[in-house]
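Please look at the sequence and the three-dimensional structure together.

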Amino acid sequence: MFTPVRSRLRTAALALSAVAALAFGTATTNGAAAAPAPAPAPAPAKQGPISVAYVEVNNNSMLNVGKYTLAGGGGNVFDVAVIFAANINYDTGTKAAYLHFNENVRRVLDNAATEIRPLQQKGIKVVLSVLGNHEGAGFANFPDQQAASAFAKQLSDAVARYGLDGIDFDDEYAQYGANGTGQPNDSSFVHLVTALRANMPDKIISLYNIGPAASRLSYGGVDLSSRFTYAWNPYYGSWQVPRIALPKSRLSPAAVEIGRTSQSTVADLARRTVSEGYGVYLTYNLDGADRTADISAFTRQLYGGDAVRTP
């Protein structure tokens, strides 16, 4: 039995009561310098699919991602760490979407030197996930190209300001139609991702393959597929190939929740990832407990050895 995404401990719910919000259309013009680029990281030692770890920062530290390596000096277990999650919110006064950080996401970003740079210095990419927040604003209902491009700029400004490695789109909990907002349309997500890719041509843009945006990847002769770096299955404990025209090396049909998906299923999905030639393995909810056994269940299949945890 797989665990659907709806069972996540949602950052969105806590964000409703958080007081910290940031509209980057103005905040990034206040003279604050962009974050310095992290020191070059050593080339990864391991061979095999990349592993991705989502971290619920309301409850857990991003630094947990860097605690796991492969036995025998085989390199980091995880290649991409996802900060879960910022929100797309709606300003009823200006009638515009804006990027919002709850207090826990803001803590991570404002303390990038101690929360993000240590991971990047190990060669782990750090990506910011963006999620709906029940206010009617979503990736699929921008009213025009200008509005989509304005939000794309807020995203790319955040990446530059905090020295991040990219953006992850998770189109859940938008509650399209709330606050007088529109329903999903065909052009919105195409305009948004096209503008974001133009703003940050060399950064990660990933797709959590769920929601109205994920089914609206082409418009006006433009197919978004090649603008994404990765796409992954959103249903934990299951195998589902994302319907997007990316090579297998950029897709994760496997998705597991660490500590909740059984170790046998974790191993089976990892084995299938390798045997069918896919290049990404997605995990969710890495916490501060010792998860060596759960993580070794997939590292044995992906990389041929156990994981080791450094407290």
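A residue is called buried when its relative accessible area is under 20%, exposed when that area is over 50%, and partly exposed in between. The structure discussed here is a predicted model.

With these terms in hand, consider helix α6, which covers residues 145-162. Its buried residues are Ala148, Phe151, Ala152, Gln154, Leu155, Ser156, Asp157, Ala158, Val159 and Tyr162. At the start of α6, the backbone nitrogen of Gln146 has a side-chain oxygen of Asp144 within 3.2 Å. After the helix comes Gly163, with a positive phi near 65°.

Helix α6 also holds a charged pair. Side chains of opposite charge can pair when their charged atoms come close. Asp157 and Lys153 form such a salt bridge through their side chains, with 2.8 Å from N to O. Four residues, or about one turn of the helix, separate Asp157 and Lys153 within α6.

In total, the structure holds 10 salt bridges. One of them joins the side chains of Arg291 and Asp287, again at 2.8 Å from N to O, and both of these residues are buried. Arg291 and Asp287 belong, together with Asp294, to a network of salt bridges. Another salt bridge brings together the side chains of Arg300 and Asp306, at 2.5 Å from N to O. Arg300 has a relative accessibility of 44%, so this residue counts as partly exposed. Asp306 is likewise partly exposed, because its relative accessibility is 35%.

The discussion now turns from charged to nonpolar side chains. In soluble globular proteins, nonpolar side chains tend to be buried together. The largest nonpolar core in this model has 77 residues, and those touching the most other members are Phe78, Ile83, Phe151, Phe169, Phe189, Leu192 and Phe228. Helix α6 supplies the largest share of this core, with seven residues. Apart from this core lies another, of 20 residues, which includes Ile50, Phe84, Tyr173 and Tyr284. Which residues does Phe169 contact, leaving aside its neighbours within four places in sequence? Among them are Val130, Phe139, Leu155, Phe189, Leu192 and Phe228.

Helix α3, formed by residues 103-110, has the buried residues Asn104, Val105, Arg106, Val108 and Leu109. The elements that cover them include β3 (80-91), α4 (112-115), β5 (125-132) and α6. At the start of α3, a side-chain oxygen of Asn102 lies within 2.9 Å of the backbone nitrogen of Asn104.

Finally, a loop residue may be considered. Asp202 is found in the loop between α7 (188-199) and β7 (204-208). With a relative accessible area of 74%, Asp202 is exposed. Although Asp202 and Gly166 are 36 residues apart along the chain, 8.8 Å separates their C-alpha atoms.

Note on methods: Residues numbered from 1 in each chain as written. Predicted model: local features only at pLDDT ≥ 70, side-chain atom pairs only at ≥ 80, totals over all residues. Heavy atoms only, no water. Salt bridge = Lys/Arg side-chain N within 4 Å of Asp/Glu carboxyl O. Helix = DSSP H or I, 4+ residues; strand = E, 2+ residues; numbered from the N terminus. Buried < 20%, exposed > 50% of the residue type's maximum accessible area, 1.4 Å probe, protein only. Core = buried A, V, L, I, M, F, W, Y, C linked by side-chain atoms within 4.5 Å. Contact = heavy atoms within 4.5 Å. Polar contact = N/O pair within 3.5 Å; in protein donor to acceptor, adjacent residues only side chain to side chain.
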